[in-house]
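Here's a quick look at one strand and the packing around it. Have the model open while you read.

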Amino acid sequence: MSLAGSGQRRVPPGLRAACRLLGGRRPGGLLLDVGAGCGEVTSQFLPLFDDALATEVSLPALWCLRARGLPALRAAAGLAPPAFDAAAAAAGVALGPGGSVDCALLLNVLDRCDAPLALLREVCGRLQPGKGLLVLALVLPYRPFVDRGARGRGRPSERLPLPPGASWEASVVLLWRRVLQPAGLELEALARAPYLSQGDALSPAYALDDAIFVLRRGRGG
């Protein structure tokens with residue numbers, strides 16, 4: 001899912017794939033899944049952590065997350081304190097020092113939300129400096145849209161500074177240089193993975209390529 005309302009996400013399945021993304025280790029601590037969809041991916045990562053918190057804007061997806069027993073928050077107000085901190089406490093989830101989390105998932109969300117740069121700043125602000133991990137997936141080349149429900153698809157009010165016609169490889173380099181590195185993130189791992197997207201009136205599905213980054217918030221970030 002993205003923050004735009006669709007409930008389905010596709011990343012490499014299974015706990016083994018999740019472990020590979022994180023270098024085969026179990027980080028522990030608190031996992032935050034932003035735009036968690038119905039929780040399939042969250043559940044794959046959950047054994048690697050001590051606790052988890054999911055956010056969603058889609059009410060059906062939110063109900064699905066809670067049916068799985070996952071603490072889930074309506075993310076319409078974003079991750080900014082104090083509202084997010086109070087909502088996490090009400091859900092019985094203890095945030096770390098300064099309202100931090102140990103790892104955040106941001107999987108195929110930035111190209112389906114209205115303000116991707118603002119969202120990335122909020123997520124990075126929740127990571128512990130020098131320690132917090134971010135697993136970010138983004139379909140490249142970058143072709144964003146926002147699902148506005150009955151009004152159909154529309155353009156986001158904010159775009160990542162990526163040209164739509166660039167190759168996958170060029171898009172990865174530009175995403176790193178223009179967005180991720182300036183955000184104070186350090187690269188730990190990068191993978192290319194197939195991504196099966198829900199289709200539209202023209203095609204039932206689209207086979208795309210995800211760039212999956214494992215990043216760490218720098219001490220100065």
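Contact here means heavy atoms within 4.5 Å. With that cut-off, and leaving out residues up to four places away in sequence, Leu 180 touches Leu 120, Leu 136, Leu 175, Leu 185, Phe 213 and Leu 215. Keep in mind that this is a predicted model, where local features need pLDDT of at least 70, side-chain atom pairs count only at pLDDT 80 or more, and totals for chains, interfaces and linings use all residues. Numbering starts from 1 along each chain as its sequence is written, and side-chain values use heavy atoms, without hydrogens or water.

Seven of the seven residues in β5 are buried, meaning under 20% relative accessible area with a 1.4 Å probe, protein chains only. Its side chains point two ways:

| Direction from β5 | Residues |
|---|---|
| One way | Leu 133, Val 135, Ala 137, Val 139 |
| The other way | Leu 134, Leu 136, Leu 138 |

β5 runs parallel to β4, joined by five bridges (pairing takes at least two DSSP bridges). One partner pair is Leu 105 and Val 135.

As for cores, these are sets of buried Ala, Val, Leu, Ile, Met, Phe, Trp, Tyr and Cys residues joined through side-chain atoms within 4.5 Å. The largest has 37 residues, with Leu 106, Leu 134, Leu 136 and Leu 180 making the most contacts inside it. Helix α6 gives this core its largest share, six residues. Another core, of 17 residues, lies apart from it and includes Leu 133 and Ala 193.

Note on methods
Buried < 20%, exposed > 50% of the residue type's maximum accessible area, 1.4 Å probe, protein only. Helix = DSSP H or I, 4+ residues; strand = E, 2+ residues; numbered from the N terminus.
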